Every structure is written in C-alpha cells, then in structure tokens.
Amino acid sequence: MAENTQNQAAGGAPAKPKPAAPGAAKSAAPVAAKPQAPKTEAAPSGVYKPPVERAEANPYKDAKVGVVGSWLQERFYVVMPILDYLKKKEVPRHRLSFWYYFGGLGLFFFMIQVITGLMLLQYYKPTEAAAFSSFVFIQKEVPFGWLIRQVHAWSANLMIMMLFIHMFSTFFMKSYRKPRELMWISGFVLLLLSLGFGFTGYLLPWNELAFFATQVGTEVPKVAPGGAFMVEILRGGPEVSGETLTRMFSLHVVLLPGLVLLVLAAHLTLVQILGTSAPIGYKEAGLIKGYDKFFPTFLAKDGIGWMIGFALLVYLAVVFPWEIGVKADSLASAPVGIKPEWYFWAQFQLLKDFKFEGGELMAIVLFTIGGVVWLLVPFFDRQASREQKSPVFTVFGLLVLAFLLVNTYRVYAEYSALAPH
Ligand code: HEM
C-alpha cells in the first residue's frame, strides 16, 4: 500500500491528521449540527478526519489491452487484483485428473437448465386445468418446443448424475480435507437443492405418473412426529391438488434457482480461492505430471467436455424422448408400478424394506443420520486433514456407494417390467 500512503498528500488531507481523542466524537456532535464549512476546507480543530487514501487512478494503464478492455479497466480497476489472482490458478495433472471434469459438467447442465427452463416458461401454464394441455402444446405446436422440453428433461437427469459422480470422486480423492470443508458442505447443499429441483419439476406436466408419484413422495414425512403438518405444507392441503402444483411451481422457478445461485456462487468462489487439490501423497510420491493453468488451458479442456456432454444430451433428447403420458385425474386409481425418479430409488427401496411397525420412521431417521454424517465427513476425517491416508473413510464411502447402487438396481429390476419410466 506504499502507493496509497504517498497519495495521501496528493489527496489534500491535512499533513498530520490528529488522532481521535477519547470522547472526541461526542464533543464533535454539537459542532456537526452547526452550518458546515465547505468540505474542501480543513476540518475544525478537534474533529477527527480520517486520512484520505486514494489509489492510483488506473494502476493497470500500461497493460496491453484493447480499447474496450482499457475502458473497462479504468472503471473496474479494483477487481484487477482478483483477476490477477485467478490467472494464477493451476490444476494438477495426474492419473486421476479425469475426475476434475465432472463439477464443470454439472455446471454446464445447470446452465442448460436455466436457459431451456426460461424458454419453457414462455408457454407453460401452472394451473390444474391448463398445465397438461400447455405441455402438449409445447410438445406438438411450438416450433422446436419438443426439443427444448426433451433437452430440459434429459439435462436434469444428466446434471444430477454428474453431481453424484462429482461428489463421489471428490470424496474418494478426499478433496473435502482441510481447508476445503466448506467446498464439501456447499456442494452437498447444492446436491440437495438439485434433488429438490427434480422433485418439484416432476409434477409440473400434471400427468398421471407424476401425480401419483408426488402423492407417494409427499406422504413420506407423515410417519415422523409433526409429519402430518409437513405433508400439508408440501401439498398445500391434505391431498395433492392444484394447490400442490402452485407450490411445486413456485419452488421450482423461484426459490430453488435463487438458493442454487447463492450457494453455487460460494462453491465456485471457494474453488477459485482454494484451488484444486491433488490426492493425498501424490505430490510427495512424484505422481503429479505437471500443472495446467486454469485460465485458459483447463477451461478449454472443460469446454471439450461440455461439447461432448452437449452432443450426448441432444442425442438422448432426440432418440429417447420422455413421454407426456395422460392427464392426471385425482379420482382415478393409481396405476401399477408407481415409483419416483431414479435418484430417489435408494431411499424408496429402504422405505419398502422397512415396512414393519415403526419401520418407516426408522428408515427416515437412519437416512437423516447418514446424511448428516456424510455432510460432516470433513470434520470426522482428521487423518485426511493431516494429509495422511484415511482408508477407514474410503471403506465408508464404498459402503455408501454400494448401498445406493444396490438399492437403485433393486428398484430398477423390480419395476422395469411393470411400467414405463
Ligand atoms: C450444482 C452443483 C455443483 C457444481 C456446479 C459444482 C462445481 C464444481 C467445480 C466446477 C469444481 C472445480 C472442478 C472440479 O474439481 O470438478 C468443484 C470442486 C469441488 N466440488 Fe463441486 N459442484 C457441485 C456440487 C458438489 C457436490 C454435490 C459436492 C460434494 C458433496 C461438491 C464438492 C466439491 C469439492 C470438495 C470440490 C473441490 C475439488 C478439489 O479441490 O479437488 N460439489 N465443484
């Protein structure tokens, strides 16, 4: 800050600003009430005036940038040190670097969700009477409406899949270890919010499958103490109805996007500040092959991943379209094989396995405890925080992964023969 100290004199501040005497602020108050002399004049004696610190108008004026760049620099020079800092960020290259792409892919599919979601909003009508027909209209009448809808539905699934891969890969590389605890916590909150997006979006087409799946899903808290109240809050009444649709819609397009943007900003800021970690012991064992500058090298590599992701997305959207189904009818009986979206199958199977007296509550409690332990894992794994290998936590992660995969497969095997997705 040597520059700023020099500039004090240039800023017209008194050469030796008097330090504030104890009680000076009090005694200054009546003076302040009187008509003031113009600001440029020296302050009345006894009134503390902080030294004026002026930064160089544009410390980057000699940098080689275009006309627009220098125009922006002159106005936003305060952020230049941040940009300089970001330019220094590097990503280690080693045999597990491949896994670093999945966070970026999650981000890419989230951006697709925002863009296609805004497009769908131009035609979608969130009422019990019009929701289903507006979906049919988007699918059949709006030019390329079918494509936008299919891309939105597929990108949601791919985003959640990328987030699961990202979460487990960061878990097994112990990237949550000190000082990255908040990266892990903010990431886990992002996963929960993304699951919330999936749950609330599922009802929006107002078709039969979504209607009954939401009925089953919103009933889950009922067995917990105070759960009936929770169910009413979720549904906007005792049953799934048009009120539920309004709730799910507002959560899906206002509350959840707002929260995701806030938490995502924190997550990505931390990624930039703390940088990308390498697995424990890699540096010492000489397994790091080199470093890529994040801007532009790694970002360009991320871009290649995004292009592959986009190609896959369009392929899936065109070749495997999601059905619209038939309009929901609350008086009809539930069709066979009602199940939630695949990312809830593990919990769904656990609830089915605990179908004895008090079992459902036990399943909810177990799942909640498991979730809290998972969230706080960076604080439990003290060894990793000391840069020591922690095989116990690797086994724990493998058990969690096996539980999710086995239960998901069990639902798939049981239901795939019964009903369409
Ligand atoms: C919308 C959701 C998410 C987005 C967009 C996102 C994005 C990213 C990006 C771009 C990175 C840097 C590159 C990389 O290592 O992949 C990253 C790093 C990280 N993320 Fe996420 N993430 C999300 C969710 C999660 C989840 C669910 C977790 C775990 C519970 C998580 C934990 C982490 C950790 C620990 C790192 C640091 C990796 C390291 O330093 O090696 N993130 N995230």
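Reply: A residue is called buried if 20 or more other C-beta atoms lie within 10 Å of its own, exposed if 12 or fewer, and partly exposed in between, with C-beta atoms placed from the backbone. By this criterion, 24% of the 421 residues in the protein chain are buried. The model is predicted: local features need pLDDT of at least 70, side-chain atom pairs count only at pLDDT 80 or more, and totals for chains, interfaces and linings use all residues. Residues are numbered from 1 along each chain as its sequence is written.

Me: What makes a segment count as a helix or a strand, and how many of each are there in the protein chain?

Reply: Helices (H or I, at least four residues) and strands (E, at least two) are DSSP runs, numbered from the N terminus. The protein chain holds 17 helices and two strands.

Me: How do you know what span H11 should have?

Reply: The expected span is 1.5 Å times one less than the number of residues. H11 has 33 residues and should therefore span 48 Å; its end C-alpha atoms lie 46 Å apart, which agrees.

Me: Where does H11 bend?

Reply: The bend is the angle between axes fitted to the seven residues ending at a residue and the seven starting there. At Leu251 this angle is about 40°. Just after H11, Gly275 takes a positive phi of about 80°.

Me: Which residues of H11 are called buried, and what covers them?

Reply: Among them are Thr244, Phe249, His252 and His267. Their cover includes H5, H6, H8, H9 and H10.

Me: What makes a set of residues a nonpolar core, and which members touch the most others in the largest one?

Reply: Such a core consists of buried Ala, Val, Leu, Ile, Met, Phe, Trp, Tyr and Cys residues joined through C-beta atoms within 7 Å. Of the 53 residues in the largest core, Phe109, Met159, Met162, Leu203, Trp206 and Ala210 touch the most other members. H7 supplies the largest share, 11 residues.

Me: With which residues is Met159 in contact, leaving aside its neighbours within four places in sequence?

Reply: Contact requires C-beta atoms, placed from the backbone, within 7 Å. For Met159 the partners are Gly106, Phe109, Phe110, Gln113 and Ser194.

Me: Which residues come nearest to the ligand?

Reply: A residue is near a molecule if its C-beta atom, placed from the backbone, lies within 6 Å of it. Of the 26 residues around the ligand, Gly103, Leu107, Ser175, Gly187 and Leu191 come nearest. H8 gives the most to this shell, with seven residues.

Conventions:
Contact = placed C-beta atoms within 7 Å.
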